[in-house]
Amino acid sequence: MFPVINIGPIAIQTQGLILIIGFLFGIQLMNQFNKSESTNASTMENMIYWSLIAGIIAARLGFVLIHISVFLKDPLSIFSLSTTMLDNSFGILVGVITALIYAQKKEILNWKTLDAIAIFLSVLAPAWFLSLYASGKMNGIPTNVSWAVNLAGQNRHPTQLYLFGSSLVFVIVILVITQIFKRNLPQKQGIIGLSFLSWLCFSLLIIQPYFENSPIILNRIHSMQLFYWSILALSFYLMHLLLNKNYGDNQ
Amino acid sequence: MSKQRDISIIFIIILVFSAGWIAYSAINYSNPITNFEAPFPGFDAPQFSVSDSAGTIINSSNFHGKPVLLFSWTSWCPICKSVMPNLQEVYLEFQKNDIQIMAVNISLQDQVEVAQEYIAQNQFTFPIYYDLTGDVANKYNIRGFPTTFLINSEGIIIEQLVGGGLSTAYLLTQMSIMLGDN
């Protein structure tokens, strides 16, 4: 774990640094994908920025609403630059809604947009998991495997690195298959997006039992596995429909 | 058409395998929550000893059952200094509550006299402790300043923050949450 990188007197938060790098690479790769698809790259990029801005504002407002009594005493602190006063769930929800509204308005609410967003997220995902490893969050259960990481004197599954590796494999496979977007995939509209969702859910479903403090229901079952399985089944069903539709269209 | 059918069969195989894995995990990996001390959220807060300004050794077990805000700082750290007035404000607000604020000076990376002079000059009244042996720095893996840990009344770390971001409003909200846990 390396939560901080010290460069002389400056301490840089590794988690934030990794996420920024992942975000920038994600945007770059998404733009490259959009150019190969002859879609409007700047519209898609703007959608992400608007979504991000709306998400951050909403995350702060969500936090303020939850703790309204504190902010009534000192309303100016709503504008504090602190990155800690954020309600992530509300921020993500508003960010997604903003992206949908923007896409609808710009008439890009289609499978091709989902594919482009998936390219962006597929780069952000490994950065996210690596940043969790750096900050010591989402740790694994104790183990004796040779590749275990030592956490305060106890060997544990490097769950974040498993997910980092898995999501990195997805990016590499997509880049290799498309020869870095120089070759179009047959019948691919929506397939990249749904494949990414399936791959992510499948990876999380497999790794979930290795997480420390994984939520359990009915005394035994890892509840998040059921959630991931449902999303996996849904995305497979949608892919099945899309492939059949494309097949029918090609006849 | 057979290609479509092959893909559908692969989907079904993956779904069946995943369902099997869920069942296998339920039998073999229904891991109970383990009590293990580590300086990360979700784990038990490591026990430590520090000295107060009079040199008396204080053990963290003294605060067992109380939510604790553990703030590690040095007198040469500008971000730490910017947070200290916020801590004072929060301390005054919550001093009557059953919550422990601990500003621990990481003395192996500081000069105790300079730190004490800084505290006196600014008339801070919240509890200041000195990590003279490096116990806190080692057990809490402190690599940057300030590093702050929020520990709930069960002794579990609920948040770890490196660097700034500790505005008064944030600290007040976290204190209220921790007291709610209590």
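In the predicted model, helix α3 of chain B, which spans residues 112-122, lies across the strands β3, β4 and β5 of chain B and runs at about 180° to β5(B). The buried residues of this helix are Val112(B), Ala115(B), Tyr118(B) and Ile119(B), and because they cover an arc of only 125° around the axis, they fall on the same side of α3(B). In an α-helix there are 3.6 residues a turn, so residues three or four places apart point the same way. The buried residues of α3(B) pack against β3, α2, β4 and β5 of chain B, whereas the face turned away from the buried side carries the exposed residues Glu113(B), Ala120(B) and Gln121(B). Just after the helix, Gln123(B) takes a positive phi of about 55°.

The strands in question belong to an open sheet of seven strands in chain B, with the order β2-β1-β5-β4-β3-β6-β7 and mixed pairing. At its edges are β2 (57-59) and β7 (157-162) of chain B, each of which pairs on one side only, and the twist from one strand to the next averages 30°. Strand β1 of chain B (residues 49-52) runs antiparallel to β2(B) and is joined to it by three bridges; within this pairing, Ser51(B) has Ile57(B) as its bridge partner. Helix α2(B) also packs on the sheet, where it touches β3 (68-73), β4 (100-105) and β5 (128-130) of chain B, and its direction makes about 155° with that of β3(B).

Within strand β3 of chain B lies Ser72(B), which counts as buried because its relative accessibility is 1%, and the cut-off for a buried residue is under 20%. A polar atom of the side chain of Ser72(B) lies 2.8 Å from the backbone oxygen of Thr147(B). Not counting residues up to four places away in sequence, Ser72(B) touches Cys80(B), Val104(B), Ile106(B), Ile142(B), Phe145(B), Pro146(B) and Thr147(B).

The largest nonpolar core comprises 55 residues, and those touching the most other members are Leu70(B), Phe71(B), Trp73(B), Met84(B), Leu87(B), Met102(B) and Tyr140(B). Helix α2 of chain B (residues 78-94) supplies the largest share of this core, namely seven residues. With residues up to four places away in sequence again left out, the contacts of Met102(B) include Phe48(B), Val50(B), Phe63(B), Pro127(B) and Tyr129(B), together with Val68(B), Leu69(B), Leu70(B) and Phe71(B).

Note on methods
Residues numbered from 1 in each chain as written. Chains lettered and ligands numbered in written order. Predicted model: local features only at pLDDT ≥ 70, side-chain atom pairs only at ≥ 80, totals over all residues. Heavy atoms only, no water. Core = buried A, V, L, I, M, F, W, Y, C linked by side-chain atoms within 4.5 Å. Buried < 20%, exposed > 50% of the residue type's maximum accessible area, 1.4 Å probe, protein only. Helix = DSSP H or I, 4+ residues; strand = E, 2+ residues; numbered from the N terminus. Contact = heavy atoms within 4.5 Å. Pairing = 2+ DSSP bridges. Axes fitted to C-alpha atoms, helices over the stretch in contact; angles between N-to-C directions. Polar contact = N/O pair within 3.5 Å; in protein donor to acceptor, adjacent residues only side chain to side chain. Arc of directions from axis to C-beta.
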